[in-house]
Amino acid sequence: MKQTVYTASPESQQIHVWRLNAEGSLTLVQVVDVPGQVQPMVVSPDKRFLYVGVRPEFRVLAYRIAPDDGALTFTAEAPLPGSPTHISTDRQGRFLFSGSYNSGCVSVTRLEEGVPVEIVDVVEGLEGCHSANISPDNRTLWVPALKQDRICLFTLSDDGHLAAQTPSEVTTVEGAGPRHMVFHPNQQYAYVVNELNSSVDVWELNDPKGQIECVQTLDMMPSEFSDTRWAADIHITPDGRHLYACDRTSSLITIFSISEDGSVLSIEGFQPTETQPRGFNIDNSGQFLIAAGQKSHHIALYKIHGEQGLLEEKGRYAVGQGPMWVVVNAH
């Protein structure tokens with residue numbers, strides 16, 4: 001399996017393309033100059049395109065991915081209704097979702113043969129909208145509204161429109177600030193990192209009554225931490241055994257183990273990392289974690305070890321200025 005790592009650096013308007021080597025090192029393949037401040041990125045489900053949100057002219061760019069080395073070629077662009085904070089796709093590659101924190105909205109863009117074509121729906125009134133996350137069955141879009149301490153739930157129609165579900169939302173504790181989330185491979189649980197109190201919530205997607213319930217909330221910070229909490233990103237290993245979340249103030253990655261059924265998290269340790277880690281990701285084999293330091297202008301590569309999922313640094317690499325997003329593609 002070949003793997004390529006993409007890092008987005010908005011301050012220098014660049015994407016760095018890296019080959020992830022099997023022994024745990026990175027080789028620079030390409031540096032792409034982007035027409036705008038490159039923000040969130042996501043790879044299409046068929047691995048053929050990298051979608052990139054940019055500002056101050058709000059749009060999504062599509063880059064074709066070379067199958068041999070993962071290099072990028074600009075292919076198309078389409079407008080977005082607000083500054084893109086997070087982008088994702090449905091699991092079939094038919095629609096692209098963009099959450100906008102500043103505009104308080106989530107949008108749906110139709111994709112045609114992998115290319116973004118037109119906006120088909122916009123839902124407003126989502127203050128601090130920070131991500132858009134399609135459920136494993138490709139039917140429910142989870143949209144955290146950070147400033148409202150709620151996650152809105154929408155049904156995705158076959159033509160890309162969003163309709164509020166029943167219930168239409170779930171709520172966190174006041175002041176938590178739900179931000180990013182991931183789903184367990186068994187499709188029974190979701191994990192949400194809360195920015196403002198640096199906690200992680202475990203959501204059971206369907207209890208016996210068909211309801212969505214928060215079954216655990218865990219403080220992700222060391223007991224001695226007393227500074228401002230400022231959590232950012234969350235990712236799960238492909239086997240569903242380990243979960244990781246980062247806090248920017250402390251520049252720490254918190255390491256969790258996950259119970260076999262996915263319902264319970266336990267903290268295994270804390271990994272100091274690059275200064276102000278706003279984004280990180282895990283490779284497709286579940287062996288490596290790559291973290292970006294927004295203030296260090298470097299990325300760090302870690303090996304994931306053993307039953308606890310602890311991290312061992314294998315190397316660090318200079319990238320563009322203010323790196324904030326990492327994605328990994330297998331091809």
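How many residues stand between E26 and E27 in their hairpin? The legends below answer this and describe further close-up views. The model is predicted, with local features requiring pLDDT of at least 70, side-chain atom pairs counting only at pLDDT 80 or more, and totals for chains, interfaces and linings using all residues. Residues are numbered from 1 along each chain as its sequence is written, and side-chain values use heavy atoms, with hydrogens and water left out.

**View 1. The hairpin of strands E26 and E27.** Four residues lie between E26 and E27 in this hairpin, where strands are DSSP runs (E, at least two residues) numbered from the N terminus. Gly 306, in the turn, has a positive phi of about 65°. Strand E26 (residues 298-305) pairs with E27 in the antiparallel sense over eight bridges; two strands pair if DSSP finds at least two bridges between them. Ala 300 has Arg 316 in E27 as its bridge partner, while Ile 299 has Tyr 317 in E27.

**View 2. The open four-stranded sheet.** The strands follow the order E24-E25-E26-E27 with antiparallel pairing. Strand E24 (277-282) and strand E27 (310-318) are at the edges, each with a single partner strand, so one side of each has no neighbour in the sheet. On average, neighbouring strands of this sheet are turned by 25° against each other, direction ignored; the axes are lines fitted to C-alpha atoms, and angles run from 0 to 180 degrees between N-to-C directions.

**View 3. The largest nonpolar core.** Such a core is a set of buried Ala, Val, Leu, Ile, Met, Phe, Trp, Tyr and Cys residues joined through side-chain atoms within 4.5 Å; buried means under 20% relative accessible area (1.4 Å probe, protein chains only), exposed over 50%, and partly exposed in between. The largest core has 19 residues, and those touching the most other members include Tyr 6, Ile 15 and Tyr 63. Elements giving two or more residues to this core include strand E1 (3-9), strand E2 (14-21) and strand E28 (325-330). Apart from it lies another core, of 18 residues, among them Val 193 and Ile 234.

View 4. Arg 150 lies in strand E14 (residues 150-156) and counts as buried, at 18% relative accessibility.
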